[in-house]
Amino acid sequence: MPSAPWSTVQLAEFLEVFELLEMLDGVNMTRIAVDRVAAALDAEVVALLIDETVVRCLGFPADAVPVKLLRNAAEVRFSTLDAPGIGEVHSVSAAVSTAGCTMVVLRAGNAFDKEEETLVRSMARALGLAMTATDRLTESRMLAERLAERQYLSDRLAQIQKSISHRAPLQEVMDSITEGAAELLGADVVGLRIVGIGEGERPIASLTGYPEEGLDHFRSIPLGQGFSGRAFIEGKLVSTEDFSTTATELGADPQELIEAAMAAPVHHDGRIVGVINVASREVGRVFTPPQEEILLRLADHASLAVTDAVAIHSLRDSLEGERFKASHDALTALPNRTTVLEMIEFELDHTARGVPLSVLYIDVDRFKLLNDMYGHSFGDRVLIEVASRLRSAVREEDLVGRLAGDEFVVVAPGISAEDAGALAQRVTYQMTQPLVIDGRGTQLSVSVGVAESAAGLSSEELLGNADVAMYRAKTSGRDCVVCYDVQMRDEMFKRADLEQEISLGLKAGEFVPFFQPSMNLETEKVHSLEALVRWNHPTRGQLAPDAFLELAEETGLIVEIDKSVLDESCRQLAGWTRLNPDLTISVNLSVRHFAHPEIVDFVAETLAKYRLHGSRLWLEITESMVMANDAMTLEILRSLRSLGVRFMVDDFGTGYSSLVYLKRYPIGALKIDREFVDGLGSDLEDEAIVTAIIRLADALGHEVIAEGVETEAQQEWLVQSGCIYAQGFLFSKAISADATEALLSPAVTVENGLL
Ligand code: C2E
Ligand code: MG
Ligand code: MG
């Protein structure tokens, strides 16, 4: 199955060419148009005939054009012929303009299917319209105005094409066609009916410029009835500038005030399945030939949309949908992993030696976070959009599939990894375009891994290599493209092992909090404890967060780690109440955990379990979490605050903060990052920053804690500057629960250095 509504993409590209051609003369226009048609349909011969004369021909030597053969081909819509020098060819012909110009397309090999036939017709019409416009352009002094009109026409048609290629529901596409027709043709009423699509389905109808109550009646009118019925019966565009007389002749009721009308048939699978009709109430109104062309173009769009919808529908429904379901992903209708692997297998088997095949493995950055923050239906919409952007970014011959979750793939035949890299760049660019879902604006990015086929590689291995490269793209900062090389594999295995070990370690209770005190510099007593996780690894010994935190964040395992740290910290704190009833503890929260509304219940339950009041607990969050600035963040903060829990902004000064949020959100304390504390007593700039943070905290009524205090000079400076809380190796490293208990016990005095 093609990865995109192929014909729509082709037509859109063809139309794009005309944007450029506008500046060309008719000769160059037909030359380029013929080239494009040949390329789009993979055809050996494309010719243009006016009446009986061949005016342009691609595919035969100039002195040996088989005029008779081409005339024959022009006369019938499609047939099979014997072409000199080529052999048996399939032929399709279509009218380029009403002035007797016909396009003939000949192809050896595969016969033309319905979709291709419709495409040829659409392209021929597009060319006709462009040629008419060009003729006029050269004659007319109103060049600028016409260009604007053409631009508008192209834009409007492109808009409709977009809704088709994005697989908007058929009704929506039909509505956009009738609205487009009303605008482009200056018509007062436009109707479009499609009958007999799908079994037992009621006709699809769209009306513009008419009261909505009329829609059901309009839907029920048989296609062959009235003036528009002529388009159905005769199978061609019909037009009148004296509607009431024409209607009376047909035995129909002439509708009030209608002056001029046109109607054109809509095709599917070689038969007429609908009619589009337009009417004007303007006195003396006449629809011109270019306007007739526009209506035909719109009818073609409707045909394409119907063909596309039916193809998808029947694919989905075929074999009770089982085959489709088994081979496609339900959400995006893209081929699934099995089908993708089959396609790669097929390409590997059938591609001639030396012809490369590249695979792009695409993973949406921070998708889990979006899903956690905004919910699954938001996540689903994001994935559908990603699928659609992918389809529009790749070449027509590329296959787009969805492997699982937020992982997509593009199978790109015939190009090396280097060229595929350029394709991948196009994909990443497309993805970063702004996106609005449910009124919520967001920006996506993707990490892409590229791998090229090599002798002896299986489909699984090729896909695996692209996956490895994608993994490297993730670990080197996301939103980038990485091409596979062999060393990457080892690194990935290591990370996969680590992920597995973290999961097992969590089950075995290997993650425990250590505690680092923060001191009151005035009383020289412990003010609070910060829980910092340590991993008691069975073979590697005790590991600090930098050995596993990044991967835990990426995989979401951090949520479980944070929960166990919070639980164990509260358990210990409850036990230490007898030593210091006012002691508080602070626990670090990952952004992922914080985005979960369930965090509120979890904290409430944990506090209740250990009979702790919320005021004994601080949660450390970072500036970026606060800056996320959405209603849910505020809601979570407020709910937790109502339990008595307080918030500290960790690593303050390194992120991006806005004073507004610091004021609006229920924040209790700022922790000055070690980076600034480092230079206290020696670096004027650091001192200026820290002074500013202390003043800011003071002004906002927040406590302020200096992190990473290592020297007495730093401590001295802080005391002088009015910062009374500090944490750092000068006082203590993070220590085990037992050591903390000893520290808190009355026997230990707190004098420069706790240990
Ligand atoms: P953080 O919250 O800013 O914690 C302070 C880090 O600085 C700790 O590193 C601590 O050991 C270290 N530190 C404290 N005083 C000094 C000092 O005087 N000099 C120096 N050079 N370093 C000092 P650690 O334990 O390796 O933690 C690193 C980061 O990992 C933490 O930064 C925090 O962001 C994160 N983290 C730790 N535990 C957890 C946890 O349970 N959950 C989550 N989500 N993140 C955690
Ligand atoms: Mg912290
Ligand atoms: Mg910190």
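Biologist: Why does aspartate 650 count as buried?

Modeller: Its relative accessibility is 8%, and buried means under 20% relative accessible area, exposed over 50% and partly exposed in between (1.4 Å probe, protein chains only). Aspartate 650 therefore counts as buried. This is a predicted model, in which local features need pLDDT of at least 70 and side-chain atom pairs count only at pLDDT 80 or more, while totals for chains, interfaces and linings use all residues. Residues are numbered from 1 along each chain as its sequence is written, chains are lettered from A and ligands numbered from 1 in the order in which they are written, and side-chain values use heavy atoms, without hydrogens and water.

Biologist: What makes asparagine 588 partly exposed?

Modeller: Asparagine 588 has a relative accessible area of 24%, which is why it is called partly exposed.

Biologist: What does aspartate 650 coordinate?

Modeller: Aspartate 650 coordinates both the magnesium ion (ligand 2) and the magnesium ion (ligand 3), which are 4.1 Å apart.

Biologist: Why are H16 and H17 called roughly perpendicular?

Modeller: The axes of helix H16 (residues 459-475) and helix H17 (residues 488-507) cross at roughly 75° and come within 9 Å. Angles of 65 to 115 degrees count as roughly perpendicular, under 35 as roughly parallel, over 145 as roughly antiparallel and the rest as oblique. H16 and H17 are therefore roughly perpendicular to each other.

Biologist: Which residues of helix H13 are buried?

Modeller: In H13 (residues 367-374) they are Phe367, Leu369, Leu370, Asn371 and Met373. Their cover includes strand S11 (357-364), helix H14 (376-393), strand S15 (440-442), helix H20 (591-594) and helix H23 (631-642). Just after H13, glycine 375 has a positive phi of about 95°.

Biologist: How many helices and strands does the chain have?

Modeller: The chain has 28 helices and 26 strands, and 52% of its 755 residues count as buried.

Definitions and conventions. Axes fitted to C-alpha atoms, helices over the stretch in contact; angles between N-to-C directions. Helix = DSSP H or I, 4+ residues; strand = E, 2+ residues; numbered from the N terminus. Donors = N, O, S within 2.8 Å, 3.2 Å for Na, K, Ca; no water. Contact = heavy atoms within 4.5 Å.
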